[in-house]
Amino acid sequence: MSSSNSLDSRASTSAAGLRKSFVDHVEYTRGKNFDNAGAFDRYQALALTVRDRLARSWVETQRRYGRLDVKRAYYLSAEYLLGRALGNNLISLGLWEQTREALKDAGHDLTAMLEMEPDAGLGNGGLGRLAACFLDSLASLDLPGMGYGIRYEFGIFTQEIINGYQVERADEWLKFGNPWELVRPDRIVPVRFFGHVETHRNRDGAYVARWVGGKTVLGVPWDTPVAGFGGRTVNTLRLWQARASAEFDFALFNDGDYERSVVEKNDSEVISKVLYPNDQNQAGKELRLKQEYFFVACSIADIMRRYLRRHSDFASFPKKVAIQLNDTHPAIAIAELMRVLVDDKGVAWDEAWAITQATFGYTNHTLLPEALEKWPVSLFERLLPRHLQIIFEINQRHLRQVQIRWPMNEQKLNALSLVEEGREKQVRMAALAVVGSHSVNGVAELHSKLLKETVLKDFAEMFPERFNNKTNGVTPRRWLLSCNPRLARLLNDTIGTGWATNLDQLSRLERHLDDPAFVAAFREAKRQNKVDLGVFLRDLMWVTVDPEAIMDVQIKRLHEYKRQLLNALHIVHLWLHARKDPASIIAPRTFVFGAKAAPGYRTAKLIIRLINGIGEVVNNESAKTGLKVCFVPNYRVTLAERIIPAADVSEQISTAGMEASGTGNMKFAMNGALTIGTLDGANIEIREKVGPENFFLFGKTAEEVEETKASGYRGRELYETNAGLKEVLDLIGSGFFSPEDRDLFKPLVNGLLDDDRYLVLADFDAYVHAQREVAKAYVDPKRWWRSSVINVARTGFFSSDRTIREYAKDIWGIESAPQ
């Protein structure tokens with residue numbers, strides 16, 4: 001076969017061409033007879049067939065960026081919750097139907113093939129999923145961008161529920177390889193740890209520092225193509241794997257010391273072994289900081305290499321490079337870029353600092369002070385001695401400016417210092433990120449406002465021009481077009497196909513609010529999605545659910561501030577009322593939970609056990625009460641894609657002022673679920689867009705939360721005066737839901753009574769009332785489905801395309817580079 005024919009066969013988008021490539025990959029890449037190939041061989045062959053169709057655009061995209069010498073945005077993130085790639089890539093390339101036909105001709109089913117792919121669980125929650133949405137939007141908007149992170153061998157753990165308890169298993173997502181990625185051994189980067197700093201004066205009398213000695217680890221890059229919708233632009237996600245610089249000590253091996261012969265290999269490669277090691281001990285802290293510096297150092301070296309291919313000095317660096325820090329994890333990049341510029345490239349400090357500040361932007365994702373990373377100075381000094389010197393120098397110069405601004409003000413100096421004094425000195429990574437960046441953004445209007453008023457208040461006073469808001473968004477390609485094909489088809493038939501790349505077009509649905517045929521089709525799409533989810537839950541958990549019941553969903557990371565516990569208390573309250581008076585249940589309801597608790601987070605794991613205990617009791621009487629509780633194990637992107645299209649109610653019930661944004665709330669609204677929520681994070685903007693009449697609001701505002709806490713609030717006082725609440729807490733505390741251990745849930749109850757820091761009890765009555773309003777609305781079909789359609793129609797603002805356009809224009813200064 002000629003090379004041109006070979007290229008054509010690899011790029012063909014016809015069903016016949018796809019079938020030929022599929023068969024070829026089974027035989028030539030997997031080395032199997034097609035008739036006897038296993039399911040995994042066929043999945044790998046199909047993935048490689050699709051990757052072939054990405055490859056030409058992937059290469060052309062990089063060639064185009066290089067030819068135009070475009071400014072690029074580099075996204076540094078410790079997490080990427082990518083989910084499955086096969087279905088998403090088929091949709092991006094417009095190859096879904098052709099591939100289905102090709103597989104059918106070959107005797108195979110596309111749906112079954114899609115189920116073979118493991119989730120790439122390289123993240124813990126919204127932070128990682130946001131990063132994945134942003135990469136999708138960058139490519140779909142033809143914007144020059146690239147993601148950097150860590151190629152964790154084991155991602156977020158696999159969760160099993162055994163006797164109601166969460167049990168963690170290793171997530172071996174790479175066990176059989178990943179067909180989407182390509183290793184780039186020619187781009188390996190050496191990374192130094194430990195060692196010491198030598199100083200001298202050069203011929204000009206300038207101070208010169210050199211970081212020497214220590215230990216070197218190699219960063220091996222693995223590239224994954226990220227296809228934009230339509231396949232014109234294919235950007236890159238580059239993940240770094242740690243490898244030992246000396247794989248094996250042959251002399252030790254020959255002497256019979258087999259364990260010591262591979263110690264260096266094991267010590268090095270553990271860096272990219274697991275997502276978020278437990279950092280409650282010294283070894284865990286050291287590994288976590290190693291991870292952060294490792295991927296940052298590799299990424300900065302890679303960015304520098306790419307820049308220097310076309311530029312001989314650094315005057316144009318900020319004109320060609322924008323680096324975004326996704327939270328504080330990669331903040332050490334600021335010190336690393338300074339080290340490279342000053343120590344390795346000989347750039348004067350002031351010039352290097354101006355370049356660094358003009359290059360970096362910082363996105364903050366939390367209002368919880370304990371979540372703003374701090375590292376002991378002693379650890380920094382041992383692990384990254386030169387970076388500590390650089391941070392001290394940055395801090396000294398920064399504090400001089402503080403002194404000039406606020407003379408003789410010790411409080412300001414302490415608040416604005418990059419180093420926190422105390423029994424153990426610590427480096428404040430969020431402070432480094434703010435001082436070293438030209439832009440600092442929150443991720444929802446309220447979050448950005450509270451950042452400036454609370455955790456970063458003093459920095460906002462010092463640098464008001466840096467602070468801005470970029471409300472998060474989600475990609476409609478994965479979170480509507482791909483995960484909800486029934487609704488997507490209805491949208492295409494009703495308003496055309498342009499909404500997938502211009503989500504504002506969903507507003508056209510409002511013209512059809514009074515069209516009975518459209519509303520009936522919309523309602524039927526939701527019902528069928530609920531039927532599908534019911535089949536899935538039956539097969540997974542042996543639980544049957546009623547598609548006519550309210551599908552009430554709370555799926556998100558388990559944390560006390562997200563208040564899964566409030567949801568659980570309400571379920572017990574409903575069940576108690578249903579036992580006394582079945583007519584009190586206005587509408588049958590299925591409560592669906594999905595959540596993982598951090599392995600060391602005891603309270604969160606106890607809440608999971610409580611939800612499962614409640615489910616065991618409630619489900620036993622569901623025929624009488626109409627109530628069901630399902631805690632779906634191993635929550636992940638793929639599970640969210642199943643559940644969200646079927647949801648009627650979206651639980652967004654965090655304590656006001658504690659959720660940065662949330663993106664699950666956007667996905668649910670985009671798929672027609674109605675939100676019950678507080679005025680927290682992006683809930684506020686969702687309520688503004690969809691209208692207060694289409695949103696079930698309850699609870700204290702952020703200001704009221706602070707006032708309540710300041711007033712000396714104690715949950716016990718509510719418990720003693722609210723008979724319904726007392727009945728719920730007494731039942732839980734009695735051991736009714738944990739007969740094997742009567743005292744199991746007493747810590748939860750006592751915590752609410754004596755230290756209800758997330759105001760679960762303070763918002764309980766308001767939540768119960770709002771839930772009653774939900775049930776009343778649901779049994780009024782005309783009202784419910786009108787609200788549901790409006791939620792979809794008014795979510796155009798929450799596309800990650802809009803968010804990325806704002807980043808590109810306001811922070812990065814990059815422009816699209818279309819084909």
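## Before we start

Because the model is predicted, local features need pLDDT of at least 70 and side-chain atom pairs count only at pLDDT 80 or more, while totals for chains, interfaces and linings use all residues. Residues are numbered from 1 along each chain as its sequence is written, and side-chain values use heavy atoms, with hydrogens and water left out.

## Rings that meet

Let's begin with the aromatic rings. Rings of Phe, Tyr and Trp (its six-membered ring) pair if their centres lie within 6.5 Å; planes under 30 degrees apart count as stacked, over 60 as edge-to-face and the rest as tilted. The structure holds 22 such aromatic pairs. One of them joins F134 and Y807, edge-to-face, with 5.5 Å centre to centre and 65° between the planes. F134 lies in helix α7 (residues 126-140) and Y807 in helix α36 (residues 800-812), so this pair ties together parts that are 673 residues apart in sequence. Helices (H or I, at least four residues) and strands (E, at least two) are DSSP runs, numbered from the N terminus. F134 and Y807 are both buried, where buried means under 20% relative accessible area, exposed over 50% and partly exposed in between (1.4 Å probe, protein chains only). Together with Y75 and W812, these two residues form one aromatic cluster.

Y148 and W240 form a stacked pair, at 6.3 Å centre to centre and 15° between the planes. Y148 sits in strand β4 (residues 145-150) and W240 in strand β12 (residues 234-244), 92 residues apart. Y148 counts as buried because its relative accessibility is 0%, and W240 is buried at 0% too.

## Charges over rings

A charge sits over a ring if NZ of Lys or CZ of Arg is within 6 Å of the ring centre and within 35 degrees of the ring normal. R192 lies over the face of W211, 5.8 Å from the ring centre, and K412 lies over the face of W406 at 4.7 Å.

Two strands pair if DSSP finds at least two bridges between them. Six strands make an open sheet with parallel pairing, in the order β22-β21-β20-β23-β24-β25. At its edges stand β22 (627-631) and β25 (696-697), each with a single partner strand, so one side of each has no neighbour in the sheet. Inside the order, β20 (residues 550-555) and β21 (residues 589-594) pair over six bridges.

## A buried proline

P476 lies in helix α21 (residues 476-482) and counts as buried because its relative accessibility is 1%.
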